[in-house]
Structures are given as C-alpha cells and as structure tokens.
Amino acid sequence: MKNVSRLLLAVAGTFIVMGAYAADTATEVQRDTNQQERIEQGLQNGSLTTKEAGRLEQDESRVDRAQANAERNGNLSATEKARIQRDQNQVSQAINRDETNGARGNPNSASSQRMQADVQRNVNQDQRIENGVKSGALTNRETGKLERGQAHDDHLQARAARNGHVGQGEQRHIQMAENHQSNRVWNKKHNDVVR
C-alpha cells in the first residue's frame with residue numbers, strides 16, 4: 001500500500017511539473033503573439049515604417065531562436081525563461097521607441113500592406129502554437145521546433161523589409177515559407193506524440 005501511494009504521488013508530481021512547463025511555454029508564446037500584434041498595429045496606424053517593422057521582425061527572430069534553443073530539451077528552466085523575458089522586454093521597448101520616434105509610415109502603400117499581411121500571418125501562427133500548448137496537443141520540444149520555424153519566417157520578413165520596401169516577389173517567397181510553417185504546425189498538433 002505504501003509503494004502504491006508513493007507511485008501515485010510521483011505520477012501526480014510529474015503531471016504538475018509538466019503542467020508548469022507547459023504554462024511557462026504558453027506564457028512565452030502568448031508574449032510573441034502580443035509583440036507581433038503590436039507591430040501589425042503600428043504598421044496599420046502608420047506609427048511604424050516598413051523598415052522599422054523589418055528591424056523589429058529581426059529582433060523577434062532572435063527571441064524565437066532563443067525559445068527554440070531553450071525548449072530543445074523539452075523544458076524551460078528558470079534561467080532560460082528569465083533570459084527570454086529579458087529579450088522580449090527589449091523587443092517591447094524597441095517597438096515603443098519606434099512607434100514614438102516621429103517617423104511615419106504609409107499604411108496604405110503596397111509595401112506596408114504586404115508587410116501587414118505577413119505580420120498578421122505571424123500572429124495567426126503564434127496563436128495556433130499557443131493554443132496547441134494550452135490544449136496539450138504540442139509538447140515543449142515540438143513547440144521549440146515550431147519556434148525555430150517562426151524565427152525563420154521573421155528573418156525572411158526582416159530581410160525583405162531592410163530597404164523599406166517589400167516587393168511582390170519577396171512576399172511570395174515569405175508566403176511560401178509561411179505556408180510550409182502552417183503545415184508543420186498542423187502536423188505537430190495532430191501527430192501521435194504522447195504529451
């Protein structure tokens with residue numbers, strides 16, 4: 001009887017710890033979504049130029065890579081979480097600084113419209129990943145792999161916008177990469193990996 005009680009306590013403790021890791025991961029992914037929404041809103045209201053949004057996407061790419069590396073082993077340590085939060089705070093400050101620096105973008109330009117559409121895709125992908133974490137459909141390791149894909153897409157957007165203009169060909173390339181990432185999110189959420 002004593003051994004059964006110990007076993008039950010060990011199993012319960014494992015689920016609590018796993019739930020805490022998932023909560024940590026969900027919090028970080030939610031923050032990604034919020035930052036992407038702020039970038040999109042800045043493009044839409046003209047407080048961000050396409051070039052500024054590109055620099056911010058490069059910053060987002062670095063945060064996503066840090067998350068991917070931290071979640072590679074399946075957990076997110078307190079040190080890794082603190083480092084990611086520090087990086088996210090820096091991106092948040094950069095968004096605020098760029099939105100208030102007086103430079104104005106033209107939200108109706110074709111280039112800004114393309115960038116807005118690409119950033120909206122980021123928001124959608126991040127929300128799908130977050131929902132997968134919260135529902136248990138994604139493990140931390142799977143989330144890390146998907147964050148690496150998000151980092152790649154962010155980098156493509158940054159590279160396309162570095163000159164302040166996103167062309168049709170550049171957007172087509174970004175959209176193809178985002179379609180690939182979308183398929184990876186679906187596959188990871190619907191595979192048979194035990195959570």
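Reader: How are H4 and H5 oriented to each other, roughly parallel or roughly antiparallel?

Author: This is a predicted model, in which local features need pLDDT of at least 70, side-chain atom pairs count only at pLDDT 80 or more, and totals for chains, interfaces and linings use all residues. Residues are numbered from 1 along each chain as its sequence is written, and side-chain values use heavy atoms, with hydrogens and water left out. The axes (lines fitted to C-alpha atoms, for helices over the stretch in contact, with angles from 0 to 180 degrees between N-to-C directions) of helix H4 (residues 110-135) and H5 come within 11 Å and cross at roughly 170°. Angles under 35 degrees count as roughly parallel, over 145 as roughly antiparallel, 65 to 115 as roughly perpendicular and the rest as oblique, and H4 and H5 are therefore roughly antiparallel.

Reader: How do the residues of the contact of H4 with H5 divide into nonpolar, polar and charged?

Author: Contact means heavy atoms within 4.5 Å; among the residues that make it are Met115, Val119 and Ile129 of H4 and Leu146, Gln150 and Asp153 of H5. Ala, Val, Leu, Ile, Met, Phe, Trp, Tyr, Cys and Pro count as nonpolar, Asp, Glu, Lys and Arg as charged, and the others, Gly among them, as polar. On this basis the contact of H4 with H5 has 6 nonpolar, 5 polar and 5 charged residues.

Reader: Which pattern does the protein follow along the sequence?

Author: Helices (H or I, at least four residues) and strands (E, at least two) are DSSP runs, numbered from the N terminus. The protein has 6 helices and 0 strands. Read along the sequence, the pattern is α-α-α-α-α-α.

Reader: How many charged residues are in the contact of H5 with H6?

Author: Helix H5 (residues 140-161) packs with helix H6 (residues 168-189) at an angle of about 170°, their axes being 10 Å apart; H5 and H6 are therefore roughly antiparallel. Residues in the contact include Lys145, Asp153 and Arg159 of H5, and Glu170, Glu178 and Arg184 of H6. With 6 nonpolar and 6 polar residues beside them, the charged residues of this contact number 8.

Reader: How are H2 and H3 oriented to each other, roughly parallel or roughly antiparallel?

Author: The axes of helix H2 (residues 50-70) and H3 come within 10 Å. Their contact divides into 8 nonpolar, 2 polar and 7 charged residues, including Arg55 and Leu56 of H2 and Val91 and Asp98 of H3. The axes cross at roughly 175°, and H2 and H3 are therefore roughly antiparallel.

Reader: Which side chain of opposite charge is nearest to aspartate 98?

Author: Aspartate 98 lies in helix H3 (residues 78-99), and leaving aside its neighbours within four places in sequence, it is in contact with Ser47, Leu48, Glu52, Arg55 and Leu56. Lys and Arg count as positive and Asp and Glu as negative, while His and the chain ends are not counted. A salt bridge is a side-chain nitrogen of Lys or Arg within 4 Å of a carboxyl oxygen of Asp or Glu. Aspartate 98 is buried (under 20% relative accessible area; exposed is over 50%, partly exposed in between, with a 1.4 Å probe and protein chains only), yet has no salt bridge, and at 4.2 Å the nearest side chain of opposite charge is arginine 55.

Reader: With which residue does glutamate 28 form a salt bridge?

Author: The structure holds 4 salt bridges. One of them links distant parts of the chain, from helix H1 (residues 2-45) to helix H3, across 53 residues. The closest N and O atoms are 2.8 Å apart, and the partner is lysine 81.

Reader: Is lysine 134 buried or exposed?

Author: The side chains of glutamate 130 and lysine 134 meet in a salt bridge, at 2.9 Å from N to O. Being 4 residues apart in helix H4, the two are separated by about one helical turn. Glutamate 130 counts as buried at 4% relative accessibility, whereas lysine 134, with a relative accessible area of 57%, is exposed.

Reader: How far apart in space are alanine 151 and alanine 68?

Author: Alanine 151 is in helix H5 and is buried, with a relative accessible area of 4%. Leaving aside its neighbours within four places in sequence, alanine 151 is in contact with Ser61, Asp64 and Arg65. Alanine 151 and alanine 68 are 83 residues apart in sequence, and their C-alpha to C-alpha separation is 8.6 Å.
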